[in-house]
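Biologist: Hi! Could you walk me through this model, starting with the big picture?
Modeller: Happy to, let's look at it together.

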Amino acid sequence: MPTVLTPVPLPDFLAAPLAANHDCVKIPEAAVRAMVVPGGYAVPEAMIAALPGLEIISVFGVGYDGVPLPACQARGIRVTNTPDVLTDDVADIAVALVLMTSRRLGEAERHVRGGQWPLGTFPLAHALRGKTAGILGLGRIGKAIARRLEAFGMKIAYHGRRPQPVPFSFCPSLRELAQVSDFLIVACPGGPGTRHLIDAEVLADLGSKGTLINIARGSVVDEQALIRALESGGIRSAGLDVFENEPQVPERLLACPQAVVLPHLGSATHETRRAMAQLVVDNLAAHFAGQPLITPVS
Ligand code: NAP
């Protein structure tokens, strides 16, 4: 059986089928031919260098920003991920964050639980219809978010590296997108190419009536600039599923009542995580059978 390195714990529904067909190890050793890691796990280049027989890295997630692709390409190491099967769940969480921030649902729930309802009514919030959702990264998840928010009567604009044949307004610059957006929604990949794209200037363009939603990667947003914008009223609110140093969330961010914070649960349903696990197993099976990979990244 091929030896597979799993450097961090995996859920049972992935670990069990892996163990059935592979010799799974937790510590790097020369016999390792494959590695399975969660999306976002930063694979050290030194670990790859210490695995002379490594043929494939299978990422349990769609974001592979933690994998040093140039080092893999230089060695001919294949990389796979789990696109498509998680798209709907992540888009649902983006919509949930749009609703939670626009209708202040987190604050409203705390209002009731804190016994404040008898003391006074909860303040009015903001409607979605007619507002503009600006999507940074109109890929699989970005498009699924757009489809959902159109159904709420919202206008859709987007920014990416190139315009696409879609019925949404393309903004050639991110700052332009922020200026036209009521909700600026981050749905692009993480990694060095997108690090801190959302900075103080973009947040200033989004403005005091704007909301930032991030379901992509914490690295895309300058978290300190975001905290300053929330504290000063530079933006109205933020809905965040991802953070720069997960699972650490800065105290100052937690202290902002208008920030909705979730523990990176975009794809966290039984159905989707099992479908992702199956794709990991199927990609490895294809590789070891000498067949084309199902979802290759490179
Ligand atoms: P995708 O289909 O590859 O879409 C990514 C989009 O981002 C592409 O349309 C691309 O468009 C755009 N993009 C890439 N680089 C860009 C840049 N520098 N500036 C602006 N746009 C850029 O990926 P996906 O399946 O939708 O997933 C998107 C990301 O969501 C993943 O990479 C992952 O990090 C994150 N994610 C989060 C969760 C969660 O649990 N919260 C779950 C799954 C995925 P162009 O090529 O036209 O620029």
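**A tour of the chain**

Modeller: This is a predicted model, and its secondary structure comes to 11 helices and 12 strands.

Biologist: How much of the chain is buried?
Modeller: Buried residues make up 48% of the 298. As for the surface, the chain exposes about 14100 Å², with carbon and sulfur atoms supplying 56% of that area.

Biologist: And how many positive and negative side chains are there?
Modeller: There are 26 positive and 27 negative ones, and the centres of the two sets lie 5 Å apart.

Biologist: What about contacts between residues at least 6 apart in sequence?
Modeller: Of those contacts, 57% join residues that are at least 24 apart in sequence.

Biologist: Okay, then which residues are joined by a cis peptide bond?
Modeller: Glu246 and Pro247 are, with omega at about 5 degrees. Pro247 sits in the loop between β11 (237-240) and α10 (251-254).

Biologist: Where is Arg104, and what is its phi?
Modeller: Arg104 is in the loop between α4 (87-102) and α5 (105-113). Its phi is positive, about 55 degrees, although Arg104 is not a glycine. Arg104 counts as partly exposed, because its relative accessibility is 26%.

Biologist: And His264, what's its phi?
Modeller: His264 also isn't a glycine, and its phi is positive at about 50 degrees. You'll find His264 in the loop between β12 (259-261) and α11 (270-288). With 30% relative accessibility, His264 counts as partly exposed.

Biologist: Let's switch to rings. How many aromatic pairs are there?
Modeller: The count comes to 1 aromatic pair. The rings are those of Tyr158 and Phe170, with centres 5.3 Å apart and planes at 55 degrees, so the pair is tilted.

Biologist: Which strands do they lie in?
Modeller: Tyr158 lies in strand β7 (residues 155-159) and Phe170 in strand β8 (residues 169-170), so the pair ties together parts 12 residues apart in sequence.

Biologist: Is Tyr158 buried or exposed?
Modeller: Tyr158 is buried, with a relative accessible area of 0%. Phe170, at 26% relative accessibility, counts as partly exposed.

Key:
Residues numbered from 1 in each chain as written. Predicted model: local features only at pLDDT ≥ 70, side-chain atom pairs only at ≥ 80, totals over all residues. Heavy atoms only, no water. Helix = DSSP H or I, 4+ residues; strand = E, 2+ residues; numbered from the N terminus. Buried < 20%, exposed > 50% of the residue type's maximum accessible area, 1.4 Å probe, protein only. Contact = heavy atoms within 4.5 Å. Areas by Shrake-Rupley, 256 points an atom, 1.4 Å probe, with all protein chains shown as cover. Lys, Arg positive; Asp, Glu negative; His and termini not counted. Charge placed at Lys NZ, Arg CZ, Asp CG, Glu CD. Phe/Tyr/Trp six-rings, centres within 6.5 Å; stacked < 30°, edge-to-face > 60°.
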